[in-house]
Amino acid sequence: MIYDLPSNFYDTLDQKYHVAVENDDIKFNGGSAISKLEQQKIGDSTFNYQITLLSSLMHRPEKGSKETNPFEKPEKELTILDSFGPDDEFKVVFNKFPVVPTHFMMITREFKSQDTPLSPSELIGTYTLLNKVKNESKENWFAFYNSGPQSGASQPHKHVQFMTLPDGFKAYGEQLAQTSAPFIPNQKNEPLQNKDLPFAHFAAPLPPNELDLQHEDLTMYFVSLLQRCLTVLKQNGAKDISYSFIMTTDYMMLVPRSNGVYKNTIGVNSCGYVGLFLCKNEETQSLVNSDGPFKILESCGFPNTAGEPVDEYHY
């Protein structure tokens, strides 16, 4: 099911990253990042979250446009693979303003809107890259996709991002996935949702081996989780379709979104729903500390729907 990648993909990723940083093609001052890893008990559950102050994010554009599209002709110094996937549909490039080292992206070669659902080839491409970096490194990787105007997306050109988690950090979707055997959600088997998290979220564990995934399985997972998001958006009178998509080789999770910015101060994308809060200055850091991460996530999402019955009006 997975696509072909060069055997030395991870080595190339690592080497090109360090060269790009040394030549200032990538803007990252991770050495000055200030991170605080915390835990909070809610109900019967204990959740991780990390607040990071990273001043290099000040240089990242808040909102891109199709006219000033950095993905139309990616810089050579940021390009890891100039072609990837069926019919060379994708490119793999570094994030110019990374959150962690080797933060990279899969972008569509031709312009596609970030507001569109992930296609079967985009899902397989995402899984292929995750599987490769997981097997060739000792790090804990995840992919995310910010879709829709309230998702926290900064560029309109379709892109899936790939990052590593802090050592020993367990994301909310990972905690859920470990409570169940793999299954594709349907009308009889609802997606997993932790009743103790204050926001709606829908997760499903994936098979532990890529050989157990059929070509259409990832699409079926994605569509079933997206249907639950659409139901929440409809029930809450949302004016647009926005959601956060998070995936590892172990699970897939979608979170319906109501807002991409909290109190007009801090942008919240899919990383927040993993438990990672990225602050570009002390003002945003103080806001996360004072209001608390889970109040922010609840405000930018919708109320948890765990335990609510499903009827004929649900997607």
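**Helices and strands in a predicted model**

Colleague: Where do α1 and α2 meet, and at what angle do their axes cross?

Modeller: The axes of helix α1 (residues 9–22) and helix α2 (residues 120–136) come within 9 Å and cross at roughly 80°. Axes here are lines fitted to C-alpha atoms, for helices over the stretch in contact, with angles from 0 to 180 degrees between N-to-C directions. That makes α1 roughly perpendicular to α2 (65 to 115 degrees; under 35 is roughly parallel, over 145 roughly antiparallel, the rest oblique).

Colleague: Which residues make the contact?

Modeller: From α1, F9, Y10 and L13; from α2, L129, K132, V133 and E136. Contact means heavy atoms within 4.5 Å.

Colleague: What is this model, and how are residues numbered?

Modeller: It is a predicted model, where local features need pLDDT of at least 70 and side-chain atom pairs count only at pLDDT 80 or more, while totals for chains, interfaces and linings use all residues. Residues are numbered from 1 along each chain as its sequence is written, and side-chain values use heavy atoms, leaving out hydrogens and water.

Colleague: And what counts as a helix or strand?

Modeller: Both are DSSP runs, numbered from the N terminus: helices are H or I with at least four residues, strands E with at least two.

Colleague: Which strands pair with β2?

Modeller: Strand β1 (residues 34–42) pairs with β2 in the antiparallel sense, over 9 bridges. Q39 has N48 of β2 as its bridge partner. Strand β13 (residues 276–279) runs parallel to β2, joined by 4 bridges. There, I51 stands opposite F277. Two strands pair if DSSP finds at least two bridges between them.

Colleague: What about the turn from β1 to β2?

Modeller: The hairpin has 2 residues between the strands, and G43 takes a positive phi near 60°.

Colleague: Where does L54 sit?

Modeller: In the loop between β2 and β3 (79–84). L54 is buried, with a relative accessible area of 1%. L54 and L278 are 224 residues apart in sequence but 7.0 Å apart in space, C-alpha to C-alpha.

Colleague: Last one. What does α4 pack against?

Modeller: The buried residues of α4 (residues 217–235) pack against α2, β8 (202–205), β9 (243–247) and β10 (251–256). Among those buried residues are L218, Y221 and F222. After α4 comes G237, with a positive phi near 65°.

Terms used. The expected span of a helix is 1.5 Å times one less than its number of residues. Buried means under 20% relative accessible area, exposed over 50%, partly exposed in between (1.4 Å probe, protein chains only).
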